[in-house]
Amino acid sequence: MPATTSTSLPPPAIVANQHIYDDYFREEFTQTLDENILQLLDRVWFRSELVGFENFPQRNNPDRPLIFASNHSGMAFPWDAIVALSHLWRHLLDKHGTLRDLPRPLSAPLLSQTALMNPYLVNEFWKKCGSVDATTLNFETMMYYQDHNLMLYPEGVPGIGKGFNRKYQFQRLATSMVRLALQHGTDIVPFYTINAEYLNPYAYSWDWINQFTKKIGIPFLPLTVLLILVLIQPWAFYLALPAKLTFVMGTRIRPSDLTSKTTDELTREEYLDLSEQIRQRMQAEMDAAVLAHGQKPYRWAELWQRMKENRRYFPFFLPFAWPAMFTEFERLFVKEGRRDFNMQLDKPGAWLKMVWRNPITLAYFIPLIGWIPLAIKGYKDNKLGQKPKAYRSN
């Protein structure tokens, strides 16, 4: 087994960095967001399912979090991560009455650092929902976290940027996942995100274009027919087609079973080999999950049935209404500091009232020049959001 024991104390640099546990994360933010918005979107639009999560994995090392790992959906805004987290949140509360086993995400820093990558410019959205920037120091710090498990997408940004021609193909996995699992004697719990490849299908990218978009804070630009819609209707930047998201539990992996060496003895090449072994295992399991759950990604009849059952919430389950809904939520929760509220999405005229109270949402419907006020608001709010203490005071 690796040399580090469960009783070892964190190094000083880790101790100094442990403020990341709660700089931004507030459970009441995610809970209120789920109750007012995400439950509706999941119930009608995404219709997500958890497969194999009945016996939720427990820590093999009680002092270290498990590492949940999943595949990225290429070329799409990360609605799959939002839906996975909210569904697991509800699942654990309903079935187990606790959030301790909830996987807390490690996410690409670009998601939190770039205003446009926060859904509908909700300031610090990812961090308020519990995400932590996936830097080396942060990953190592989170291995001493006691309150939740961890969730990551070990393909990194290359996984997000893979085109539709590489759907359901695992890219190279980060060796840091293997190294830290070995070092801390904890297991990797794979799960597979199925049908998310169809949130933005037939999208492709080219490196020379992505080099330009990275300069303005967008890690990649998916080239697809929907790109024309994004230009004339900015709300479509966050558009997701109604793919039925299915999350399938994989077989638990214990990296210490793959090698007899300690972390200090392993070379870079050996880490790469271990990572490739895990990638191949996960690829085989995901292929089987796609065959079982990914043959009808949209299930239109089910979608239409859910729309009819929830027609009193029209138009909020449709993507063009999401900007007003998210902006109104931010106004109530963040700017007014309210906590216990119901947005009453089933009230007549609710969408028009939200637009009236949040006129910035009109910009989402203005061709081309609508991007100007959105960019100004996003980058202004992003600067204000650099101070976590200001959020803690709310």
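Just after helix α13, Gly337 takes a positive phi of about 70°. Helices (H or I, at least four residues) and strands (E, at least two) are DSSP runs, numbered from the N terminus. The structure is a predicted model, in which local features need pLDDT of at least 70, side-chain atom pairs count only at pLDDT 80 or more, and totals for chains, interfaces and linings use all residues. Residues are numbered from 1 along each chain as its sequence is written, and side-chain values use heavy atoms, with hydrogens and water left out.

Helix α13 covers residues 322–335. Its 14 residues should span 20 Å at 1.5 Å a residue, and the end C-alpha atoms, 19 Å apart, agree with this. The expected span is 1.5 Å times one less than the number of residues. Of the 14 residues of α13, 13 are buried, so the helix is largely enclosed by the rest of the structure. Buried means under 20% relative accessible area, exposed over 50%, and partly exposed in between (1.4 Å probe, protein chains only). In the loop between α12 and α13 lies Pro315. The peptide bond from Phe314 to Pro315 is cis, with omega near 5°.

UniProt, in an unreviewed entry, places the feature "transmembrane region" at residues 220–241, 313–334 and 354–376. Its positions are given in the numbering used here, feature names are shortened, and annotations may be inferred rather than shown by experiment. Residues 313–334 are 59% helix and 0% strand, with end C-alpha atoms 24 Å apart. For residues 354–376 the figures are 43% helix and 0% strand, with the ends 21 Å apart by C-alpha. The unreviewed entry also lists residues 66–196 as "domain: Phospholipid/glycerol acyltransferase". That stretch is 37% helix and 16% strand, and its end C-alpha atoms are 24 Å apart.

Helix α11 runs over residues 268–293. Its 26 residues should span 38 Å, and the end C-alpha atoms are 36 Å apart, which agrees. The buried residues of α11 include Tyr271, Leu274, Ile278, Met282 and Val290. Arg279 and Gln283 are also among them. The buried residues of α11 pack against β2 (67–69), α8 (175–184), β6 (188–194) and β7 (246–249). Contact means heavy atoms within 4.5 Å. Gln183 lies in helix α8. Gln183 is partly exposed, with a relative accessible area of 21%. Its C-alpha atom is separated by 13 Å from that of Leu9, 174 residues away along the chain.

Helix α2 (residues 27–46) packs with helix α12 (residues 300–309) at an angle of about 135°, with axes 8 Å apart. Axes are lines fitted to C-alpha atoms, for helices over the stretch in contact, and angles run from 0 to 180 degrees between N-to-C directions. The two helices, α2 and α12, are therefore oblique to each other. Angles under 35 degrees count as roughly parallel, over 145 as roughly antiparallel, 65 to 115 as roughly perpendicular and the rest as oblique. Arg43, Val44 and Trp45 in α2 meet Leu303, Arg306 and Met307 in α12. The residues of this contact divide into 4 nonpolar, no polar and 2 charged. Ala, Val, Leu, Ile, Met, Phe, Trp, Tyr, Cys and Pro count as nonpolar, Asp, Glu, Lys and Arg as charged, and the others, Gly among them, as polar.

Most residues other than glycine have a negative phi. Glu124, not a glycine, has a positive phi of about 55°. Glu124 sits in the loop between α4 (109–113) and α5 (125–128). At 3% relative accessibility, Glu124 counts as buried. Leu368, also not a glycine, has a positive phi of about 60°. The loop between α14 (350–357) and α15 (371–384) holds Leu368. At 54% relative accessibility, Leu368 counts as exposed.
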